[in-house]
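Hello,

Here is the structure we talked about. Please have a look, then read on for what turned up in it.

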Amino acid sequence: MPADTAKNRTGLTFWLPVAWIAFVLFAAATAGWWNVPSFDRMDWDNLSALPGTRNTNTVFQNAGESEKNRYVYWLGTDTMGRDIISRLIYGARISLSVGFFSPLIGFILGGILGCLAGYIRGRLESFIVAAMDVILAFPGLVLLLAITFYLGSNLRNLIFSLGFLTIPAFCRVARAKTLTLRELEFVQAARLSGAGPIMILIREIVPNVIAPMAAYGLLVVSFMIMTEGALSFLGLGVPAPTPSWGGMVAEGREVLEEAPHVSMIPAGVMFLTILSFNLIGDSFRRLTEKRTSQL
């Protein structure tokens, strides 16, 4: 393996983002074990408290109301006196759920449609491409507004609506890759050996399409996290009091001048997470491009 390729894969621009994402995933998975206040517990004596503020009457999550503890708001509190650390780790569950599961819908459905369109071609390709163009032309914000109005604003509806909007992008990636693969020698050899279109797709096309789609999917994950944050400003995100990073940023905009940490801290966490996914995605993209050049 060339030295520059190994450096790209194992350098700090890969492992530091991996370490950050692993930490965020660990925090989200173990949110219920942390000795922090409940994410919706309000401390009326410490509204928009600065980072490092001490409190001697804190009730930790999963503890009784009579169990008062000393606690330091290491990252401060929000406008309603809720601990920012607690809301960050619980908000990670929401933001990461949107970030992971929305692209997963597009990855599966768009990947299937793209592979079929790219290999079988003909009328099926024309129909799929036209359907994807219709979805791309339809205003995504209008779809989100309609779903929120008729079905309500919740995490499930948000994931499915955003996932539906990612299908065309994944379909195009899969179709473009399939169009390249279908002309290569190993696919031609499988065709000459008598394998049918479905078997060729399953055995030859799909395994080679998954890697570039996964690399692209990591970039979509970061975009979905950012989109969830933007939607929170429009009231289309996960409703309160359930925390999400985007919702936390939106809640702090009213006190941005006197207590900038209320918005800036969750915005910083969101920034680091999005940047990490982008860097990891770029690393995987370089690896898949190298693999493609060797086919």
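Glu251 pairs with Arg87 in a salt bridge, with the closest N and O atoms 3.6 Å apart. (A salt bridge is a side-chain nitrogen of Lys or Arg within 4 Å of a carboxyl oxygen of Asp or Glu.) The pair joins distant parts of the chain: Glu251 sits in helix H9 and Arg87 in helix H3, 164 residues apart. Helices are DSSP runs (H or I) of at least four residues, and strands (E) of at least two, numbered from the N terminus.

A note on the source: this is a predicted model, where local features need pLDDT of at least 70 and side-chain atom pairs count only at pLDDT 80 or more, while totals for chains, interfaces and linings use all residues. Residues are numbered from 1 along each chain as its sequence is written, and side-chain values use heavy atoms, with hydrogens and water left out.

Arg87 counts as buried, at 1% relative accessibility. Glu251 is partly exposed, at 25%. (Buried means under 20% relative accessible area, exposed over 50%, partly exposed in between, with a 1.4 Å probe and protein chains only.)

Glu251 also forms a salt bridge with Arg82, at 3.3 Å from N to O. That pair spans 169 residues; Arg82 lies in the loop between strand S2 (69-73) and H3. Arg82 is buried, at 4%.

Asp78 forms a salt bridge with Arg82 too, at 2.9 Å between the closest N and O atoms. Both of these residues are buried. The structure holds nine salt bridges.

Best wishes
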